[in-house]
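These are my notebook entries on one protein structure. I set down in turn what I looked up and what I found.

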Amino acid sequence: MTRYRSLNSVLAAEQEMIRLCTFEDLEVFRAVSMSYVLSGFGHIFADSKGSAVTFAKSTQVRHIHEFISHNWSTPRWTKFLSLVLHSNLRLALCSTSFLTLLLVIFGLCGVLPLFLQHVQRDEI
């Protein structure tokens, strides 16, 4: 019985969180694309002040795919690198795996050398 109360309280807390995160006024529910956030090596993180330009880059949305929260004391380049890693990791791994496989096949077929051949010198 206690287990069901715990489960019910967790579900109730989750529903309350969803209710609190739901915007009634869609005018204030705005977002920018990840490409804009990453453009200029994360230039948007250079200054904590918003402007009419940054507001104009945002658009009204019904839902957000990824929410980025950040700390202004963290250097801009670390934020940029972690976002690049997070948003491009799958593509980078697939591309690297494909290229590695391709190079191995070319090496085995004799199109590319498998390894460097050592030239032996005559002993003096």
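**Entry 1: terms and overall layout.** Before placing any residue in a helix, I noted that helices are DSSP runs of H or I with at least four residues, and that they are numbered from the N terminus. The model I examined is a predicted one. By that definition, Leu-103 belongs to helix α4, which covers residues 76-108. I then looked up the elements of the protein chain and found four helices and two strands. Read from the N terminus, their order is α-β-α-α-β-α.

I also looked up how much of the chain is buried. The protein chain has 124 residues, and 11% of them count as buried. For contacts with a separation of 6 or more, I found that 73% are between residues 24 or more positions apart.

**Entry 2: Leu-103.** Is Leu-103 buried, partly exposed or exposed? Its relative accessible area is 44%.

Entry 3: I next asked which residues of α2 are buried. They are Met-34, Tyr-36, Val-37, Leu-38 and Gly-42. The buried residues of this helix pack against α3 and α4.

In soluble globular proteins, nonpolar side chains tend to be buried together. I therefore looked up the largest nonpolar core, whose six residues are Met-34, Val-37, Leu-38, Phe-45, Phe-80 and Leu-83. Two elements, α2 and α4, each give two or more residues to this core. The largest share comes from α2, with three residues.

Entry 4: Phe-41 is found in helix α2, residues 34-42. Its phi is positive, about 55°, although Phe-41 is not a glycine. I recorded this as a point to remember, because most residues other than glycine have a negative phi. With a relative accessible area of 61%, Phe-41 is exposed, whereas Phe-80 counts as buried at 14% relative accessibility.

I looked up the contacts of Phe-80, leaving out residues up to four places away in sequence. Phe-80 touches Leu-38, Phe-41 and Gly-42.

How many aromatic pairs does the structure hold? There is one. The ring centres of Phe-41 and Phe-80 are 5.3 Å apart and the ring planes stand at 70°, so the pair is edge-to-face. The pair links distant parts of the chain, since Phe-41 is in helix α2 and Phe-80 is in helix α4, 39 residues apart.

**Entry 5: Lys-79.** Lys-79 also lies in helix α4. Is Lys-79 buried or exposed? Lys-79 counts as buried, because its relative accessibility is 7% and the limit for buried is under 20%. Leaving aside neighbours within four places in sequence, I found Lys-79 in contact with Phe-45, His-70, Asn-71, Trp-72 and Thr-74.

**Entry 6: Thr-54.** I turned to helix α3, where Thr-54 is found. Thr-54 counts as partly exposed, with 24% relative accessibility. Not counting residues up to four places away in sequence, Thr-54 touches Tyr-36 and Ile-44. The C-alpha atoms of Thr-54 and Ile-44 are 8.1 Å apart, and the two residues are ten apart along the chain.

**Entry 7: the largest pocket.** Finally, I looked up the largest pocket and noted about 780 Å³ of space in it. Its lining has 26 residues, and those closest to the centre are Ala-31, Val-32, Val-37, Ile-44 and Ile-68. The elements that give two or more residues to the lining are β1 (30-31), α2 and α3 (52-57). How many residues of the lining are nonpolar, polar and charged? I recorded 13 nonpolar, nine polar and four charged residues.

Val-37 occurs in several of my entries. Val-37 is a buried residue of α2, a member of the largest nonpolar core, and one of the residues closest to the centre of the largest pocket.

How values were computed: Residues numbered from 1 in each chain as written. Predicted model: local features only at pLDDT ≥ 70, side-chain atom pairs only at ≥ 80, totals over all residues. Heavy atoms only, no water. Buried < 20%, exposed > 50% of the residue type's maximum accessible area, 1.4 Å probe, protein only. 1 Å grid on protein atoms, 1.4 Å probe; cavity = no way out; pocket = protein on both sides within 12 Å on 5 of 7 lines; lining within 4 Å. Points joined across faces, edges and corners; volume = space filled by probe spheres on them. Nonpolar A, V, L, I, M, F, W, Y, C, P; charged D, E, K, R; others polar. Contact = heavy atoms within 4.5 Å. Core = buried A, V, L, I, M, F, W, Y, C linked by side-chain atoms within 4.5 Å. Phe/Tyr/Trp six-rings, centres within 6.5 Å; stacked < 30°, edge-to-face > 60°.
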